[in-house]
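Student: Could we look at this structure together, one question at a time?

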Amino acid sequence: MKTRRTRKTRRMAQPALLAAALVSIVGGVAQAHDDLAPAIEQAADPAATARGPGRWRVSVGGRSSLYRSAGYDAFSSDDAFGQFSATATATVLAGARLSTAVGALWEDGASSSTARGAESSLSLGRLGVVLEERFAPRPWAYAFVRVAPAWLRGKASIDDTAIAAPLETTFSTLGVDGSVGVAGRVNPGRGKVGVWIMGDGGYGWARAQPMALSPALPSADRDKAGVTTLAALAPSGVFLRFSLALSY
Amino acid sequence: MRPRRFTLLVTSLALALPVAGCGDRSATWSSAPDGSKAYGLTGAVVLADPAANRVVALALDPKTGALAETSLATGHDVVTTTVGPSGGKLYVLSGGHQASLGDAQPDEAPRLTIVDGTTNPATKRDIDLSLLSDPLDGLAIDPTEHWAVLYAMQGASAAFVTNPNALVIVDLSTGAAAKPPQEVVLHSFGGHPESLIFPPLLGLPSGPTHLLVAQSDQDFTLLSLDDPTKPEITVRLADATAVTSPHPTQVVFDDGDPTQTDDARIGVSFEGLTTVMTLQLEPATDPNGYAPTINVTDVGGVPSAIAFVRTDGGLRLATLQPARASAVLVDPVTTLTSTVTLPAAYQSLSLVTSSAGTAPAGAAAGPDVALLWNANTTLGGVAFWELGEAAGQPFRSIETVGIDAVVDGVRDVPGMNSTLKVLSTQSSEFFVLDLSNRTATPLLSSLGVTLSVSPSGARVWAYEPGGLDLAATDLATGRVHTLRVDTPLSSLFEIAGPDGAPTLVVLQGQGGVGATVFGFDKLGDPDEASRRIYGAILTEGPL
């Protein structure tokens, strides 16, 4: 009877955890922690139940985004934009199959092409917070929903040899990613250290950035730099991320 | 599901999504704008961008003062582009596109795009030419910019079959009074138009008339632009029994006495012939109300240039004969000739009567003054020919100016310095000729510099394509102001800014298209401090 009651308690705790995770997405991390007292009281100890995704997790991989923005055409011959992606998460709430993790995300990438005969390049970095809800039906696999608000910083340049200095501009903005994914453990057994391969796909949004490039002249000549305005760049679009992760 | 199968699924998803979703950008992005030509208009520099089926107008933004780009779409397959005589508009003739089955690009009729560079930002309008199934590749604009005439340039037409004697007359005016484009097929005796000439407004028996002269290799045709439905008049240059036809080299016009309607004349010279032809357009009963009366005169040598001039003896057709270092004046009424010996074998002449200041202001038009140039020796320089003394003392009618160089070009100076001419030479110098006091100021330069007189007439620019240096010579004072840009320049244009102040746009075109823009200070000199550098000009988008 005792065992049956414990399982029932866990089943009831799982929807509560999921609801708490959704609230945290909308209301922010601090509010989620403030409001989660009842759920936490019902949850089991994360260290004891993190048999699937694990308590600590780091992952590295690649992210491929599709930017259909007209402003991206000057920097790539197609709509794809690739980035290196690194994530570190910690499980903060864990049930038998559901768990909640928070962490940090860093992604960086660049694209280069030619724009009307001039070399062009765009680099884009993203530093964000990860909020992840995981569902692990098996010890070696789980699915997850991830929301990652992030700060984006970009640099665009066009090296037009018609003038003495390359055109450049930088920008920064806030954005948010939402994705769903799956992960599978690739090292057999039930050891504490797990090696995982994971993939998620979703949509990343950031506000369109005006692209006003000007020659990178020495500071003494900065006032001589005229502005060339390209179409606005919206670093938004669907993406797929493919990572290799270690869990503990 | 086993871990291995799960890994495969994730990998497949990772590979499939980017491939399925990727879209290519427009091919225009990958094309270098090497073929982009630049045209200077009154208030804008217009860059033709055929790869993107557009033109881009560069002008100063009235609010910021920065160089702003305005992209204006043209039709596909641009066949010819020309600036109108007033310098304010650009005319772009495009052939369109004939779509085949499955063609993603739809059918597009030929069209004439008119870019107005007098507005800020530049604007455009299109005139549909769907009456043409194939594009004509010749475009001529009349000096009043009321009409455009399309024709088939010899040997350059892309059409499968072309009637070279078919012309399309396009009314360029706007509003309800504008007539639709009209096709006219000239009657031919075997020839085809080689050039189209727009005479000045002529007072004909039927009233003031804008004529179009279609010059062919064996005849020329007079057509009324005011009413193209009237039958054209063709003047054959040889009789029907001749085996060969003389080839016209120059056609000139004179309206005669403004109060008379029966004395408009046309003068024609011919390749390799010592004869010239004069035609008087006299009253007639045909639908045009006039008919040409022809006189042919042997002037004793092959003329290199002809012009109608007013002498103290009346109207004459002046012919230059460099082979004999002389000029011959032909009386178009009597065909009598008189010869004037010249100090050098001049090959070109320009009438400078209005600028030479021989007649008091407000007085009736007196005898002409001609500027003779392009002699075959450096000692020739240029000479003034006073036609007021041509009949009585022709030997005293020539006055040379001490220029020790072969003058190969005479540029008019508009506006404030209209009494000046800029003379280019075959040596490393050019001259500013003052017609009023008949002096010439030499300016030394590198060999092969390109000269460009500013639209205001305030200065002449000298530059060398591919070089870094450029210089402005103030035409009023002769003061030279030299500028230097950082990368090789391709061309330069002086345009009017938003407040009418001049602005210099220097284009630099190795790789992409860049520009350096200069303003002017209160003294009228280029202002280095105002320099602004712009790059990657044709990348503004979307394309």
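Tutor: B:I197 stands opposite B:V213, which lies in strand 16 of chain B. Before you ask more, note that this is a predicted model, where local features need pLDDT of at least 70, side-chain atom pairs count only at pLDDT 80 or more, and totals for chains, interfaces and linings use all residues. Residues are numbered from 1 along each chain as its sequence is written, while chains are lettered from A and ligands numbered from 1 in the order in which they are written.

Student: Which strand is joined to strand 13 of chain B by four bridges?
Tutor: Helices (H or I, at least four residues) and strands (E, at least two) are DSSP runs, numbered from the N terminus. Two strands pair if DSSP finds at least two bridges between them. Strand 13 of chain B has four bridges to an antiparallel partner, and that partner, residues 211-216, is strand 16 of chain B.

Student: In what order do the strands of that open sheet come?
Tutor: The sheet is made of four strands of chain B with antiparallel pairing. Strand 13 (193-197) and strand 18 (233-236) of chain B each have a single partner strand, so one side of each is left without a neighbour in the sheet. With these two at the edges, the order is 13-16-17-18.

Student: What is the bridge partner of B:F253 in strand 20 of chain B?
Tutor: Six bridges join strand 19 of chain B to strand 20 (residues 264-270) of chain B, and the two run antiparallel. Across from B:F253, the bridge partner in strand 20 is B:I266.

Student: How many residues of strand 4 of chain B are buried?
Tutor: A residue is buried if 20 or more other C-beta atoms lie within 10 Å of its own, exposed if 12 or fewer, and partly exposed in between, with C-beta atoms placed from the backbone. Strand 4 (residues 67-73) of chain B is largely enclosed by the rest of the structure, because the buried residues number five of the seven.

Student: Which residue takes a positive phi in the hairpin of strand 3 and strand 4 of chain B?
Tutor: Strand 3 (residues 54-60) and strand 4 of chain B pair in the antiparallel sense over seven bridges, with B:L60 opposite B:L67. Six residues lie between the strands of this hairpin, and the one with a phi near 75° is B:G65.

Student: How many residues of chain B are in contact with chain A?
Tutor: Two residues are in contact if their C-beta atoms, placed from the backbone, lie within 7 Å. Chain A gives 43 residues to these contacts, and the number from chain B is 43.

Student: Is B:G535 buried or exposed?
Tutor: B:G535 sits in the segment after strand 42 (526-534) of chain B. Residues that B:G535 touches include A:I158, A:L167 and B:G512. Because B:G535 has 30 other C-beta atoms within 10 Å, B:G535 is buried.

Student: What share of chain A counts as buried?
Tutor: The secondary structure of chain A comes to four helices and 10 strands. Of its 248 residues, the buried share is 46%.

Methods. Lists of a residue's contacts leave out its neighbours within four places in sequence.
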